[in-house]
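This report is for a reader meeting the structure for the first time. It goes from the overall fold to single residues.

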Amino acid sequence: MASAVLDEIITDGMTDYEKELAVYDWMTKSLEYDRGVLTVIPQTQADGDNPYGVLKYHNAVCVGYATTFRLFMQMMDI
């Protein structure tokens, strides 16, 4: 899943900054914050706290955003 995203948004000749910006732009446009964890009785999508769940369901909590961004950066050796 992550490789497919990078194949879609990263092009040859991009600087590290442009790659980071492309990932950031994709994440802000494609992912939604999982507000179900903010209720008294949490009703949340499974795995919103890890890259697998984030990429599969396009739904994340804070740590899900961070670990997914980190995964993308590691895959690009940034």
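## Overall fold

The protein has four helices and two strands. Here helices (H or I, at least four residues) and strands (E, at least two) are DSSP runs, numbered from the N terminus. Along the sequence the pattern reads α-α-β-α-β-α. This is a predicted model, where local features need pLDDT of at least 70, side-chain atom pairs count only at pLDDT 80 or more, and totals for chains, interfaces and linings use all residues. Residues are numbered from 1 along each chain as its sequence is written, and side-chain values use heavy atoms, with hydrogens and water left out.

Of the 78 residues of the protein, 32% count as buried. Buried means under 20% relative accessible area, exposed means over 50%, and partly exposed lies in between (1.4 Å probe, protein chains only). The accessible surface comes to about 5100 Å². Carbon and sulfur atoms hold 53% of that surface. Accessible areas come from the Shrake-Rupley method with a 1.4 Å probe; for residues, only the protein chains shown count as cover.

Contact means heavy atoms within 4.5 Å. Among contacts between residues at least 6 apart in sequence, 52% join residues at least 24 apart.

## Helices α2 and α4

Two packed helices are described by the angle between their axes and the distance between the axes. Helix α2 packs on helix α4 (residues 62-75) at an angle of about 145°. Their axes are 11 Å apart. Axes are lines fitted to C-alpha atoms, for helices over the stretch in contact, and angles run from 0 to 180 degrees between N-to-C directions.

Which residues meet here? On the α2 side they are Glu20, Val23, Tyr24, Trp26 and Met27. On the α4 side they are Tyr65, Thr68, Phe69, Phe72 and Met73.

Leu21 also sits in α2, which spans residues 16-30. Leu21 counts as partly exposed because its relative accessibility is 36%. Together with Tyr17 and Tyr24, Leu21 makes a nonpolar surface patch of about 350 Å². Patches are made of residues with over 30% relative accessible area and no salt bridge: like charges are joined within 9 Å, nonpolar side chains (Val, Leu, Ile, Met, Phe, Trp, Tyr) within 5 Å. A salt bridge is a side-chain nitrogen of Lys or Arg within 4 Å of a carboxyl oxygen of Asp or Glu.

## Where the chain ends meet

Ala2 is found in helix α1 (residues 2-9). Ala2 counts as buried, at 10% relative accessibility. Leaving out residues up to four places away in sequence, Ala2 touches Leu55, Leu71, Phe72 and Met75.

Met75 belongs to helix α4. Met75 is partly exposed, with a relative accessible area of 35%. Beyond its neighbours within four places in sequence, Met75 is in contact with Ala2, Ser3 and Leu6.

| Pair | Apart in sequence | C-alpha to C-alpha |
|---|---|---|
| Ala2 and Phe72 | 70 residues | 7.1 Å |
| Met75 and Leu6 | 69 residues | 8.9 Å |

## Positive phi

His58 lies in the loop between α3 (51-57) and β2 (59-60). His58 is not a glycine, yet has a positive phi of about 55°. His58 is partly exposed, at 33% relative accessible area.

Asp77 comes in the segment after α4. Asp77 also has a positive phi of about 55° although it is not a glycine. Is Asp77 buried or exposed? Asp77 is exposed, because its relative accessible area is 73%.
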